[in-house]
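This report covers a ligand site and a chain interface. The structure is shown first, and the description follows.

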Amino acid sequence: MSIQDILLQQLANGLILGSFYALVALGYTMVYGIIKLLNFAHGDLYMIGAFIGFLFLSVLSPLIGDSWVGILCSMVLSMIAVGLLGVLIQRIAYQPMLSAPRLSILITALAVSMILSNAVMAFTDGEYLAFSTDLGYEGLEFGNVFVTYTQMVLVGAAALLMTGLYLFVHRTMYGKAMRAIAIDQDACRLMGIHVNRIIALTFFIGTSLAASAGIMAGAYYGSIHFFMGFVIGLKAFTAAVIGGIGSIPGAMLGGLLLGLLESFGTQIPFIGTEWKDVFSFGILILLLVFKPTGILGRTEIERM
Amino acid sequence: MSSAILEIDNLETHYGKIHALRGISFSVKAGEIVTLLGANGAGKSSTLRTISGLIRSTSGSIRFMGEDITRKPAHDIVKMGLIHVPEGRKIFKGMTILENLELGSFTLEDEAERKRRLDHVFEIFPVLEERKNRDSAFLSGGEQQMLAIGRSMMTDPKLLLLDEPSMGLAPFLVQEIMKIIVRLNREGVTILLVEQNAKVALKLADNGYVLETGRIVIEGDAQTLREDESIVKAYLGE
Ligand SMILES: Nc1ncnc2c1ncn2[C@@H]1O[C@H](COP(=O)(O)OP(=O)(O)O)[C@@H](O)[C@H]1O
Ligand SMILES: [Mg+2]
């Protein structure tokens, strides 16, 4: 393969990885933007999304098969179910802590994360589950680079979800209210906005996006595991910080950038795949030193 | 008495242990401009914040158009037509002027009506229309105040609570804002105006109340207050 082919191949890989990161980073950033909470349970909701998607797919596949149609249907159902779970968690665990010191709600989020991952561990005995699908290996060749339809559909679905989110946030009244709450909650209440309802909506959207990434990753990599949300949770957090935490376009940009950096990073001599994570967190540290507000972040920054 | 649009009875509000309002009673008649005066820390903003539901009173009652709203959440009070333009304007910086105004009509479903209200705001504040797609963070203080008032007009207020709209503005801008308040009042909006700038406020008000450490210490029609030098000297710092 020529150098161009390698770069092109890494571009494709990086876009897929980056799409997953971006979808998860969006929830992180939206929740942070609106209630200033680093939702450590967010990666676990991605994992739950994969498992619930898996359940839906097992039920649906005798009826509609387990190729694209089956997977996309299960994805939508899983997004709704996990979105509602996200709202429930917000109501039960986070809402009562909103007026408590910042550290309490952070610890609550850690607890929620452990409860979710341990519950799934208990149900699955900590085993890997094979996420069997019938996606085929057809695709298109670009020079010497082969991109499967699966990869294209994944990136396409992620792009569609992100475009949808962008339009929602900029074109609809509820989307504008969501951005306004991140700026000033009291002012929103004075506009007649039911703030708690918009916060619930934000959790719903943020967690369902993570769930979509979870099931897509399950279908793409072929197996799921109760621990699968841990590293991607950290990576998505990194992506959100790179883009500027609180900024929605920032999360998209940060996710794609991190995916691309990781995938190109593995091509640098002496930095093999095993150094991938060191590479991403190294970038995070550098960014925190030189531009702590991220690429698109606002200049004022709050101490955690 | 029956024409009172707002009736406050023996209102008390605490911030933790701080006793900010110590039993306040007053009323505002429909169509009036009433001003609430007093030095910094007297409790003017706390009064408005309690009325609009941003904070809960510890005792006493608030009636708006005959209905008890003492325990009503802020977002429901807005729907009744009681709109609070808070101290410091609190515009949504980072969002455009147009978006700020649209959010003022959040509870409205009717697009044609939204457009009509927007046209009305732009007629009063042409400067906002010129810059409607700009980030509101870049507006000057006077323009931010205009945006805050414009945004409240999008809600179609019956009673407007204005918290120090003249704060930090050059004298000619203060005059501008006061003219707009009078215009809104002529269009049928009842006004409760909080000011530190007593001279300016008493010029357009019908009635005035002076607050001191959470209590009303003086009340009367604006002309009497304006002419009583001793009151102005003792409580209004000029
Ligand atoms: N958020 C708050 N927390 C604690 N005390 C407050 C708060 N806001 C106001 N106060 C206190 O309540 C009193 C009245 O304040 P305020 O209503 O803002 O007065 P004014 O608007 O007349 O300047 C002051 O003693 C002030 O320190
Ligand atoms: Mg004040």
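In this predicted model, a polar backbone atom of B:Gly41 lies 2.7 Å from an oxygen atom of ligand 1. Two further polar contacts to the ligand are listed with it below.

| Residue | Atom of the residue | Distance to an oxygen atom of ligand 1 |
|---|---|---|
| B:Gly41 | polar backbone atom | 2.7 Å |
| B:Lys44 | polar backbone atom | 2.8 Å |
| B:Asn40 | polar side-chain atom | 3.2 Å |

On its own, ligand 1 has 560 Å² of accessible area, and the protein covers 63% of this.

**The shell around the ligand**

Which residues surround ligand 1? The shell contains B:Tyr15, B:Ile18 and B:Ala20, together with the run B:Ala39, B:Asn40, B:Gly41, B:Ala42, B:Gly43, B:Lys44, B:Ser45 and B:Ser46. Sorted by class, five of the shell residues are nonpolar, five are polar and one is charged. Two elements of chain B, β2 (18-29) and α1 (44-52), each supply at least two residues of this shell. The largest share comes from α1(B), with three residues.

**The interface of chain A and chain B**

How many residues does each chain bring to the contact? Chain A gives 19 residues and chain B gives 24 residues. About 2,000 Å² is buried between chain A and chain B, and carbon and sulfur atoms give 68% of that area. On the side of chain A, the residues that lose the most area to chain B are A:Met173, A:Leu190 and A:Met191, which together make up 37% of what that side buries.

Four residue pairs are in polar contact between chain A and chain B, with both residues of each pair at pLDDT 80 or more. On the side of chain A that touches chain B, α6 (173-183) and α7 (185-189) of chain A are the elements that give two or more residues. The largest share of that side, seven residues, comes from α6(A). By class, the side of chain A has eleven nonpolar, three polar and five charged residues.

**Salt bridges**

Over all chains, the structure holds 16 salt bridges, and three salt bridges are found across the interface of chain A and chain B. One salt bridge joins the side chains of B:Glu102 and A:Lys176, at 2.5 Å from N to O. Another joins the side chains of B:Glu99 and A:Arg179, with an N to O distance of 3.0 Å. This pair crosses between chains: B:Glu99 sits in helix α3 (residues 97-104) of chain B, and A:Arg179 sits in helix α6 of chain A.

Key: Residues numbered from 1 in each chain as written. Chains lettered and ligands numbered in written order. Predicted model: local features only at pLDDT ≥ 70, side-chain atom pairs only at ≥ 80, totals over all residues. Heavy atoms only, no water. Near = heavy atom within 4 Å. Polar contact = N/O pair within 3.5 Å; in protein donor to acceptor, adjacent residues only side chain to side chain. Areas by Shrake-Rupley, 256 points an atom, 1.4 Å probe, with all protein chains shown as cover. Helix = DSSP H or I, 4+ residues; strand = E, 2+ residues; numbered from the N terminus. Nonpolar A, V, L, I, M, F, W, Y, C, P; charged D, E, K, R; others polar. Contact = heavy atoms within 4.5 Å. Buried area = accessible area lost by both parts, 1.4 Å probe. Salt bridge = Lys/Arg side-chain N within 4 Å of Asp/Glu carboxyl O.
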